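Subject: Handover of a structure and its findings

Dear colleague,

Please find below the structure that I am handing over to you. My findings follow it.

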Amino acid sequence: MATSERADRRPSALRYLESRKNLTGCALGLAGLGLYAVGAAGAYWPVVVAGLYGAGALLAPPERPASPDFPAPGEQVEALRADLGTLEEYLSGVRSRDRLPDEAERLLDDLTALLSALLDPERGAGEALAADGETLHRLTRVIRQDTPESVDAYLRTRWWSRLTPGGQGPDEELGRQLGLLVEEASKVAAELRDAEAWRQRALTRYYEDRAAPDEPGGAWSGEPTGPAGQAGSAGAAESAGLTGAAGSASPETRKAPDGAGAAPAPEERAP
C-alpha cells in the first residue's frame, strides 16, 4: 500500500496532532508557560498561552501534500508478467470455445513466446525493460490492450459474419493485426539486444582505455621529470660533451705508436 494512501486513512484528529499548525502552536504555548514561570504573564497566563498557541497555529506554514507513490520500474515489470499470465489464460479460453484461423494460432504462439522471453526474469531482460520506460510502455500496450482487443474484435465480427452467409470472414484482418504485433515485439527484442551489445562494447572500450600505456613523455613514460630530471639530463649532456671532446682530440696529443716516444706538444703561441 502506498504511503500517501496510509496517510489519507488516518483519523483527522491524529492528522491534526502531527500537523505543523499544532506543533508550532504547542511550541509557542510552551513559551507562554515559560513567561508564566518567570512571572511575566501574571494572572492571565492561560489567556497568554492560548493566544500564543493560536498565533502559532495561524502563522504555521500549510501542510504540503504527500508526494505520489508510483510503483517502481521493477514493480511495473512484475505487474506486466502477471498481466501476461492473464492474457494467456484469456487466449486459452478463447481457443477452447472458438476455433481461430491456423495463421492466427501460429502468430499468437509466436507473440506469447516473444513476450514471455522478454519478461523472463532469468534472461535478464527485465532489468533493461525497467531502465527503459518507453519500451516497457510499448509492451504494456501490446499485452493489456492490443492483443485482447484484436481477438475480441475478431470474435465479434465473426459472430456477425455468421448471420450473413457468403460474406468474407475476418480471418485475414486478424492475421494482419497479429502479424503487426509480432513485428513490434520482435523490434523491441532487437532494440534490447542491440542495447546490451552496445553496453558490452562500451565496457570493453573502457577497459582498454584504462589499461592502455601512457603517451610518450607522460608522467609514467620512464623518463624523470622535474628538477631532478633536468639535473640528470644536464649531467648526461655534459658527459656526452666530454666524450665527444675526447673522441675529437688532435692526433698530436694521442699516444704514439709502439717504440716511439710521445709526439712533441704543439708550440704555444705568444699572447
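This is a predicted model: local features need pLDDT of at least 70, side-chain atom pairs count only at pLDDT 80 or more; totals for chains, interfaces and linings use all residues.

Helix α4 covers residues 45-59 and has 15 residues. From its first C-alpha to its last, α4 reaches 21 Å, close to the 21 Å expected at 1.5 Å a residue. Its buried residues are Val49, Gly56 and Ala57. They cover an arc of only 100° around the axis, and therefore lie on the same side of α4. The buried residues of α4 pack against α3, which spans 20-37. On the other side of α4, Val47, Leu58 and Leu59 are exposed.

The surface carries a nonpolar patch formed by Leu30, Leu33, Tyr36 and Trp45, which together have about 390 Å² of accessible area. Helix α3 gives the most to this patch, with three residues. Leucine 33 is located in α3, and it counts as partly exposed because its relative accessibility is 38%.

Turning to charged side chains, the model has nine salt bridges. Aspartate 83 and arginine 144 form one of them, at 2.4 Å from N to O. This pair links distant parts of the chain, since aspartate 83 is in helix α5 (residues 73-97) and arginine 144 is in helix α8 (residues 133-163), 61 residues apart. Both count as partly exposed, aspartate 83 at 24% relative accessibility and arginine 144 at 47%.

A salt bridge also joins the side chains of glutamate 191 and arginine 138, at 3.1 Å from N to O. Glutamate 191 is partly exposed, with a relative accessible area of 37%, whereas arginine 138 is buried at 14%.

Within helix α8, arginine 156 and aspartate 152 lie four residues apart, about one turn of the helix. An α-helix has 3.6 residues a turn, so residues three or four places apart point the same way. The closest N and O atoms in the salt bridge between arginine 156 and aspartate 152 are 2.8 Å apart. Arginine 156 counts as exposed at 56% relative accessibility, while aspartate 152 is partly exposed at 30%.

Finally, a network of salt bridges links Arg95, Glu105 and Asp109.

Yours sincerely,
A colleague

Key. Residues are numbered from 1 along each chain as its sequence is written. Side-chain values use heavy atoms; hydrogens and water are left out. Helices (H or I, at least four residues) and strands (E, at least two) are DSSP runs, numbered from the N terminus. The expected span of a helix is 1.5 Å times one less than its number of residues. Buried means under 20% relative accessible area, exposed over 50%, partly exposed in between (1.4 Å probe, protein chains only). The arc is that of the directions from the helix axis to the C-beta atoms. Contact means heavy atoms within 4.5 Å. Patches are made of residues with over 30% relative accessible area and no salt bridge: like charges are joined within 9 Å, nonpolar side chains (Val, Leu, Ile, Met, Phe, Trp, Tyr) within 5 Å. Accessible areas come from the Shrake-Rupley method with a 1.4 Å probe; for residues, only the protein chains shown count as cover. A salt bridge is a side-chain nitrogen of Lys or Arg within 4 Å of a carboxyl oxygen of Asp or Glu.
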